[in-house]
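Dear colleague,

My notes on it follow.

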Amino acid sequence: MQFNRLIIVNILFCFVCQYVLAQEYKLVTNGRLILGTYQERTASISCGDIDDDGDIDIIVANGRHWPGQNRIFINDGRGIFTVERDLGSQRSTTYAAELADLDNDGDLDIAVGNDMAPNYIFINDGQGNFSKSSSFGEHYAPTRNLTLADLDQDGAIDILIINRGRANEICLNNGDGDFSKSLIFGTKDDSTIDVEVADIDDDGDLDLILANRDEQPNYVYLNNGMLKFTEKIPFGTGRDNTRSIAVGDLNKDGLLDIITANIDEQNVIYFGNKDEPFSQSLTFDSTQMASYSVAVADLDLDDDLDIIIGNAGKPNVVFLNMGNGKTWIRFPLSEEPFRTYDIITSDLNNDGLVDIIEANSDEINRYYFNRKKK
């Protein structure tokens, strides 16, 4: 694999067909823009400033069904990761290692979710050094993902554990990083693979948006304000194989939309609607690839959200929003047919532009700088 070859994707934003170019950006990667030279079974990536030096560091979750070493990559300030540390001394079957201030001391801690092994908290000393702390959730559950959010709005970050083929859990934070109290959401038969948290019905509390695999229906679970999720809204065909979801207002109507990444079927946007939520949809990607991950961000600084899709066995793809959420321009992110289990965005080099980071299974994990052409 030739990482010394510069890969450039030109992103053109057009106001009308007659005017070829209003703004032009490029997404660039090369042999230095990688997270080590490992080719591990990476399941997900998260990022944040763990050492309080003003730049974004990266946590890599490795293993999936097989024990792997989770890794921390320290940013040198330029978006280059010249220092790497192990996260913990024990290898686990990790699917997710997510960052948030779990003990309310002002720095970012890590929640690690494992498949059929205990989940653990790693506490930050404030300088990016982590010590293993308490476990959380049901031991030996088939965990596939974690989502961190303050669900009960008490000022402390809670943990949602997403299990495939078993009930999902909400582990409530007591404010000090103790997660001994838990609730169940969904059903024990759900093949849930991803959950997003957002105030879908604009009532001031956080709702749950579930992506289910194995041709199960996808649902929005509405919060009644007291962490009861009895009311649910379906979205999709009812038999989708959804692998990942993202939430954002793509058409700028003030309502949140749902973006789905599906396996071997079209990728679809479900638009928010006060009267008939998510009944209106748009296929933005008709290729029917095995799409494993999705992210949304304003890549071209035109004040709307674009979509990035991570595929398995086919190149990853960027979809540029032409302003109304209905028209999209498609660009391949690279030519490589990796298995991208996760794809996220962040400004790694502090230039004001959103960059893209890939979590690739059995391949090098790579990232792309977003640059405005001069």
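Phe81 is buried in this predicted model, its relative accessible area being 9% and therefore under the 20% limit. Tyr367 is likewise counted as buried, at 0% relative accessibility. The rings of these two residues form an edge-to-face pair, because their planes stand at 90°, with 5.4 Å between the ring centres. Phe81 belongs to strand E6 (residues 81–86) and Tyr367 to strand E29 (residues 367–372), so the pair ties together parts of the chain that are 286 residues apart in sequence. Phe369 also takes part: ring pairs link Phe81, Tyr367 and Phe369 into a cluster. In total, the structure holds nine aromatic pairs.

Two lysine residues are placed over tyrosine rings. The charged end of Lys132 sits over the ring of Tyr120, at 3.9 Å from the ring centre.

I would next draw your attention to the backbone. Most residues other than glycine have a negative phi. Tyr140 has a relative accessible area of 48%, so it is classed as partly exposed.

Leu227 is another residue that has a positive phi without being a glycine, the value being about 65°. Leu227 is located in the loop between strand E17 (218–222) and strand E18 (231–235). Is Leu227 buried or exposed? With a relative accessibility of 15%, Leu227 counts as buried, because the limit for that class is 20%.

The loop between E17 and E18 also contains Asn223, which counts as buried at 3% relative accessibility. A polar atom of the Asn223 side chain lies 3.1 Å from the backbone nitrogen of Leu227. What else is in contact with Asn223, once its neighbours within four places in sequence are left aside? The residues are Leu151, Asp203, Asp205, Leu206, Asp207, Lys228 and Phe229.

Turning to the protein chain as a whole, its secondary structure comes to 29 strands and zero helices. The radius of gyration is 20 Å, close to the 21 Å that the globule rule gives for 374 residues, so the chain is as compact as a globular protein of that length. Along the principal axes, the C-alpha atoms fill a box of roughly 60 × 50 × 35 Å. Of the 374 residues in the chain, 57% are buried. Among the contacts with a separation of 6 or more, 45% are between residues 24 or more positions apart. The accessible surface of the chain comes to about 15300 Å², and carbon and sulfur atoms account for 45% of that surface.

With kind regards

Methods. Residues are numbered from 1 along each chain as its sequence is written. This is a predicted model: local features need pLDDT of at least 70, side-chain atom pairs count only at pLDDT 80 or more; totals for chains, interfaces and linings use all residues. Side-chain values use heavy atoms; hydrogens and water are left out. Buried means under 20% relative accessible area, exposed over 50%, partly exposed in between (1.4 Å probe, protein chains only). Helices (H or I, at least four residues) and strands (E, at least two) are DSSP runs, numbered from the N terminus. Rings of Phe, Tyr and Trp (its six-membered ring) pair if their centres lie within 6.5 Å; planes under 30 degrees apart count as stacked, over 60 as edge-to-face and the rest as tilted. A charge sits over a ring if NZ of Lys or CZ of Arg is within 6 Å of the ring centre and within 35 degrees of the ring normal. The radius of gyration is taken over C-alpha atoms; the globule rule is 2.2 Å times the number of residues to the power 0.38. Contact means heavy atoms within 4.5 Å. Accessible areas come from the Shrake-Rupley method with a 1.4 Å probe; for residues, only the protein chains shown count as cover. A polar contact is a pair of N or O atoms within 3.5 Å; within protein, one must be able to donate a hydrogen and the other to accept it, and residues adjacent in sequence count only if both atoms are side-chain atoms.
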